[in-house]
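Here is a short tour of one structure.

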Amino acid sequence: MKDIKSILKNRILVLDGAMGTMIQRHKLEEEDFRKGWFENHSMPLKGNNDLLSLTRPEIIKEIHALYFEAGADIAETNTFSGTTIAQADYELESAVYDINYQSAKIAREVADEFTEKEPNKPRFVAGSMGPTNRTASISPDVNDPGFRGVTFDELKLAYKQQVEALIDGGVDLLLVETVFDTLNAKAALFAIDEVQEEKEIKIPVMVSGTITDQSGRTLTGQTTEAFLISVSHMDLLTVGLNCALGASMMRPYLQVLDKKSKFGVSAHPNAGLPNEFGEYDETPEMMADQIKEYLNEGLVNIIGGCCGTTPEHISAIADLAKTYSPREIEVNVK
């Protein structure tokens, strides 16, 4: 298969949209999260979407296929919470290898089917590595600012287990995403580095941060440029932004990455901001109109969707992206 780095120089690649939004369409019940694997588990599991790669793999397979049909080049594995730290809430640390391995395997199968049908448009699988539900930089206890809910070493170990299983399952690249604490991301990158050394392999890595509000900072207070500098010690495929903001609100921060990043730039914004019911109202057309501004300015190399986006959104974005050239990597860096 053609190397993703060389493809990235010639065209904008399209990342898929929201997994959770698509899973919600299925109106699943508790038994769907247990089937064949966790029938006797002592805790409720409904909402632990990563488990569906084990218990309802046909649903995850169908979602990947819908996004590829819509024009996505890259599918993210269903592993956003696939670490022992995140799964500890459900007492399912022991299921982590299976979650990641099977999720990668499902996405790999679908990607290969599409690549076979369209060899001129190879499909790739990105192992999704979420931020976990703990932060290494901030205390979860307002009365004890020095306390930390997790250590760097604990994070590194958890991410290492995830990375090994994703690679065993056949991913093409790794996506450290929705980064709200760069120290967590550094633990993930350290884990990736260790696995690469041990396995004597080189795997492309994307890092995507989250600007949590219009102050232009991550949850732990970093500006976009500070976030970029914090992860630039690694040889990355892309540095980008996802989640929290809609496309138009994300644009000024992508402009910073465009000016400063020696790597590719990725963006997968939400379908606007959630309404009072927690739903996303932006139509595919509305979102594509805003993303057109990114493309006119030559800000991105990889574009996709986060919360609230569907295959319809990705289809509108993909139709648009194919008429534009990608951002020139390293040319504009000041």
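Helices α7 and α8 are oblique to each other. This model is predicted. Helix α7 covers residues 152-169 and helix α8 covers residues 182-199; their axes come within 8 Å and cross at roughly 50°. The crossing of α7 past α8 is right-handed.

Which residues of α7 and α8 make the contact? From α7 come Phe152, Leu155, Lys156, Tyr159, Lys160, Val163, Glu164, Ile167 and Asp168. From α8 come Leu183, Asn184, Lys186, Ala187, Ala188, Phe190, Ala191, Ile192, Glu194, Val195, Glu198 and Lys199. By type, the residues of this contact are 12 nonpolar, 1 polar and 8 charged.

Helix α7 also meets α6. The axes of α6 and α7 come within 7 Å and cross at roughly 30°. Angles under 35 degrees count as roughly parallel, so α6 and α7 are roughly parallel to each other. Their crossing is right-handed. On the α6 side stand Tyr97, Asn100, Tyr101, Ala104, Lys105 and Arg108. They meet Gln162, Ala165, Leu166, Asp168 and Gly169 of α7. This contact divides into 5 nonpolar, 3 polar and 3 charged residues.

Now to the aromatic rings. A pair of rings is described by the distance of the centres and the angle of the planes. The count of aromatic pairs comes to 4.

Phe38 is buried, because its relative accessible area is 8% and buried means under 20%.

What does the pair of Phe68 and Phe114 tie together? Phe68 lies in helix α4, residues 57-69. Phe114 lies in helix α6, residues 96-117. The pair therefore ties together parts that are 46 residues apart in sequence. Phe68 counts as buried at 1% relative accessibility. Phe114 is buried too, with a relative accessible area of 6%.

Definitions and conventions: Residues numbered from 1 in each chain as written. Predicted model: local features only at pLDDT ≥ 70, side-chain atom pairs only at ≥ 80, totals over all residues. Heavy atoms only, no water. Axes fitted to C-alpha atoms, helices over the stretch in contact; angles between N-to-C directions. Helix = DSSP H or I, 4+ residues; strand = E, 2+ residues; numbered from the N terminus. Parallel < 35°, antiparallel > 145°, perpendicular 65-115°, else oblique. Left-handed = near helix turned anticlockwise from the far one by under 90°. Contact = heavy atoms within 4.5 Å. Nonpolar A, V, L, I, M, F, W, Y, C, P; charged D, E, K, R; others polar. Phe/Tyr/Trp six-rings, centres within 6.5 Å; stacked < 30°, edge-to-face > 60°. Buried < 20%, exposed > 50% of the residue type's maximum accessible area, 1.4 Å probe, protein only.
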